[in-house]
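My notes follow in the order I made them.

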Amino acid sequence: MPSGLKRHVTHLFMVPSSSYTQSSIGRKQTVAVTGLLLILFLIGHLAGNLLIFGGPDVYNGYAAAMKKMRPVVVVVEVLLFLIFITHIYTTFLLVMENIKARPHRYRVERAKGGRSLATRLMPYTGAILLAFVLYHLLDFTLVDHEGARGILNGKHYGLYGVVCNAFFDPVHSFLYIIAMATVGFHLSHGVQSFCQTFGLSDTRGAEEKIRRFSNAFAVLIGLGFSSIPVYVLVQNFIH
């Protein structure tokens, strides 16, 4: 185990829970762990969404399978909600802590320690993603998949139709792609922050490798999600 990670894990188990949650390192680790759990969910969510390339039968088959597992899915959704709220609230506490520690802004803002653009934009990308998640739930998850939005060319296509009808609108698709670019920026920083928080970037050369991996991972996730509206728009143009 890397010495940095060992040090942080030891701190995790030695500090009383009340003191841990109120400490700066405790909050940073909470943000890092909840962020990692959200990233894992995002990977699974992308894998399911990419099934749209298999056509309506494959995509709707995936949706039907999720519906049959509804009791389990509900439990996962509740856990995700708690993780998401914990991530946001603890991040807010850290931001407020930093503001109190430095009440006066420097006259000249400088990027310290080579801070990346993704890092500097973190508060803004986080706020945008919060708004997007709420809109996304209303747009796809909570909408009636058996209603009028699921109809394509007079035939009912369920969730596949809902997604296609949404992305047939170029503006809707463009805003979704912008949101996915924001996800990428947020992920790029999130992966690096997790590694830094748990001391994984302490060894020589590790920081640069982690930076490259996080950027590549962020681009891959962003392009993966963005490929869906592009695919739908191309299909609509062809037909």
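I count a polar contact when an N or O atom pair lies within 3.5 Å, with one atom able to donate a hydrogen and the other able to accept it. The model is predicted.

**Entry 1: Arg27**

I started with Arg27, which sits in helix 3, spanning residues 24–49. Which side chain does the side chain of Arg27 make a polar contact with? I found Glu97, at 3.2 Å. That falls inside the 3.5 Å limit, so the pair counts.

Is Arg27 buried or exposed? Its relative accessibility is 16%. The cut-off for buried is under 20%, so Arg27 counts as buried.

I then listed what surrounds Arg27, leaving aside neighbours within four places in sequence. Tyr20, Thr21 and Gln22 are in contact with Arg27.

**Entry 2: nonpolar cores**

I moved on to the nonpolar residues. In soluble globular proteins, nonpolar side chains tend to be buried together. How many residues does the largest nonpolar core have here? I noted 30. Val163, Leu187 and Ile221 have the most contacts inside this core. Helix 3 supplies at least two residues of the core, as does each of helix 7 (122–141), helix 8 (158–167), helix 9 (170–197) and helix 10 (206–238).

I looked at Ile221 in more detail. Beyond its neighbours within four places in sequence, Ile221 is in contact with Leu42, Ile43, Leu46, Val183 and Leu187. Another core, of five residues, lies apart from the largest one. Ala32, Phe194, Cys195 and Ile210 are among its members.

**Entry 3: aromatic rings**

Last, I went through the rings. A pair of aromatic rings is described by the distance of the centres and the angle of the planes. I noted nine aromatic pairs. Tyr59 and Tyr62 form one that is tilted, at 6.5 Å centre to centre and 35° between the planes. Both residues lie in helix 4 (residues 56–68), three residues apart, so about one helical turn separates them. Tyr59 counts as buried at 5% relative accessibility, whereas Tyr62 counts as partly exposed at 23%.

I also checked Phe167 and Tyr176. Their ring centres are 4.9 Å apart and their planes are at 65°, so this pair is edge-to-face. Phe167 and Tyr176 are both buried.

Which residues do ring pairs link into a cluster? I wrote down Tyr59, Tyr62, Tyr157 and Tyr160.

Conventions. Residues are numbered from 1 along each chain as its sequence is written. This is a predicted model: local features need pLDDT of at least 70, side-chain atom pairs count only at pLDDT 80 or more; totals for chains, interfaces and linings use all residues. Side-chain values use heavy atoms; hydrogens and water are left out. Helices (H or I, at least four residues) and strands (E, at least two) are DSSP runs, numbered from the N terminus. Buried means under 20% relative accessible area, exposed over 50%, partly exposed in between (1.4 Å probe, protein chains only). Contact means heavy atoms within 4.5 Å. A nonpolar core is a set of buried Ala, Val, Leu, Ile, Met, Phe, Trp, Tyr and Cys residues joined through side-chain atoms within 4.5 Å. Rings of Phe, Tyr and Trp (its six-membered ring) pair if their centres lie within 6.5 Å; planes under 30 degrees apart count as stacked, over 60 as edge-to-face and the rest as tilted.
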